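Open the model in your viewer and keep the selection tool ready. Each stop below says what to pick and what is there.

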Amino acid sequence: MNKKIQSALISVFYKDGLEPIVRELSRLGITIYSTGGTQKFIEDLGIQVVPVEQLTTYPSILGGRVKTLHPSVFGGILGRRDLESDVAEMAEYKIPEIDLVIVDLYPFEETLAQTSEEKLIIEKIDIGGPSMIRAAAKNFKDVVVVAAKKDYAGLEELLKTQNGETSVEQRKSFAAKAFEIVAHYDVAISNYFNGNSGEYFLQSVNSPKAMRYGENPHQSGTFYGNLEELFNQLNGKELSYNNLVDVDAAVQLIHEFPQGEDVVFAIIKHTNVCGVAARGTVSDAWKEALAGDPESAFGGVLVTNGTVDEATANAINEIFFEVLIAPAFDEAALNVLKSKKNRILLQLKAEGLKLSAQSKSVLNGVLIQEQDKGNYTEWKETGGRETTAAEKADLEFANIIGKHLKSNAIALVKNKQLVGKGAGQTSRIDALRHAIEKAKQFGFDLNGAVLASDAFFPFNDCIQIGHQAGIEAFIQPGGSIRDKDSIEYAQQNNLAMVITGMRHFKH
């Protein structure tokens, strides 16, 4: 049923975009009620406005904490126009019908991002705003509610084209948006108080973005989040579902290697590291990362913690890849890399990555866990000899790489270059065999290489196979009831073995 707006209540934090609506309401002869700063804004436009205090007969009290929480306001919003008893009570208590509510919410999330001072944060918890929004949305049969400035334009269009009349479908649509806004607001507040330790799984992420498709063309996909917090996209088409999954893996990996230390370049394929190296220059790091597995690099996602220069750009330009991520690009490098219009170039912002808890949907519920942070909790030398300085550097590097390979995972590293890897295998021996075969395929000599395993060795077979291939230093978390088998083999054969006490499964 169409209804004509006769009166409106406006009380907003953000005034931008409001003026055209107020002028349109005035043109239509609609009575406007308002409060505080919004009332002054409307008065400054030369438009007549009725202070809410005239309805409530109470001033704004407690420093503005209480101004609209009154039966004259909520009765006007919640009164059912088709229910005789409601209409009679409204008449008895001189409560006017309020047909349009334009109310937004205090900027709680914005305040949270700007300060850690609890007093300031608490004062941005809105009480009257959510209450009025919920009341108006509940009574959508009679009331239009607009709860965010992003919906001002839609309301303005309706006022202009329908002369202040709205259909029940339109009012219900506005109500649905309003309930979403309040729910998101409440989740942000709850998470501030509880973190991720509350009784309920509460997440609310705005800005939905439809993907071209999901993991496969027959699957739909949507991304919720703000990529602009993390990247500046400098070139290329929109990121796809699979791009985003691989980009996440790439960014998680490069986060392990802060700028100012080694220059690291890595190649990601289907969320696994297929090539990675640390060198003195970004060009050398790229060259050695690619050499680790040039076959798998085709169509991959590339990431570095260094500035991409022209020489590196020319080298990278010779292969097909989907995405390149770096904290900075030289202008000449961009000219080279932008030669292919669909190639995605992302400039990674220094403080963009927020390592919050991880969640995954399973069965009829959700799993939540902390991020896997760190490399090892202990450095326990248990082999036949101590690790050398060079071996220790390689073992630390290899252990991080193994952390970013799907389990069961084996990483073979030599001189901070991934020379062989096995990932996602159903047995650790298979993972090791695959890693050795990969190293052989691309001509690497494993003598002097090190081996990292994401989990313990249940038997000493992996140590034996690795030793036979030329590997003499191993790193693993330990924890097997048969740890001594591997330790004894290492001791008997003068091999270095480090037990870390930290497993790095990645499923």
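A residue is called buried under 20% relative accessible area, exposed over 50%, and partly exposed in between, with a 1.4 Å probe and protein chains only. This is a predicted model, in which local features need pLDDT of at least 70 and side-chain atom pairs count only at pLDDT 80 or more, while totals for chains, interfaces and linings use all residues. Residues are numbered from 1 along each chain as its sequence is written, and side-chain values use heavy atoms, with hydrogens and water left out.

**Stop 1: two single residues**

Select Thr312. Is Thr312 buried or exposed? Thr312 is buried, because its relative accessible area is 0%. Thr312 sits in helix α13 (residues 310–316). Helices (H or I, at least four residues) and strands (E, at least two) are DSSP runs, numbered from the N terminus. Now show what Thr312 touches, leaving aside neighbours within four places in sequence: Phe265, Val282, Ser283 and Trp286. Contact means heavy atoms within 4.5 Å.

Next, pick Lys150. Lys150 is in the loop between β6 (144–146) and α9 (152–162). Lys150 counts as exposed, at 61% relative accessibility.

**Stop 2: the parallel sheet**

Select β4, β3, β2, β5 and β6. These 5 strands form an open sheet in the order β4-β3-β2-β5-β6, with parallel pairing. Two strands pair if DSSP finds at least two bridges between them. β4 (50–51) and β6 are the edge strands, and each pairs on one side only. Zoom in on β2 (residues 7–11) and β3 (residues 31–34), which run parallel and are joined by 4 bridges. Ala8 has Ile32 in β3 as its bridge partner.

α1 (residues 19–27) lies across β2, β3 and β5 (100–103), at about 160 degrees to β2. α8 lies across β2, β5 and β6, at about 150 degrees to β5. Axes are lines fitted to C-alpha atoms, for helices over the stretch in contact, and angles run from 0 to 180 degrees between N-to-C directions.

**Stop 3: the mixed sheet**

Move to the open sheet of 6 strands, ordered β10-β17-β15-β13-β11-β12, where the pairing is mixed. β10 (231–235) and β12 (272–279) stand at the edges with a single partner strand each, so one side of each has no neighbour in the sheet. On average, neighbouring strands of this sheet are turned by 20 degrees against each other, direction ignored.

Select β11 (residues 263–269) and β13 (residues 300–304): they run antiparallel, joined by 4 bridges. Ile268 stands opposite Val301 in β13. Then show α11 (residues 241–254), which lies across β10, β11, β12, β13, β15 (321–326) and β17 (344–348), at about 150 degrees to β11.

**Stop 4: the hairpin**

Select β18 (residues 358–362) and β19 (residues 365–369). They pair in the antiparallel sense over 5 bridges. Ser359 has Ile368 in β19 as its bridge partner. In this hairpin, 2 residues lie between the strands, and Leu363 takes a positive phi near 50 degrees.
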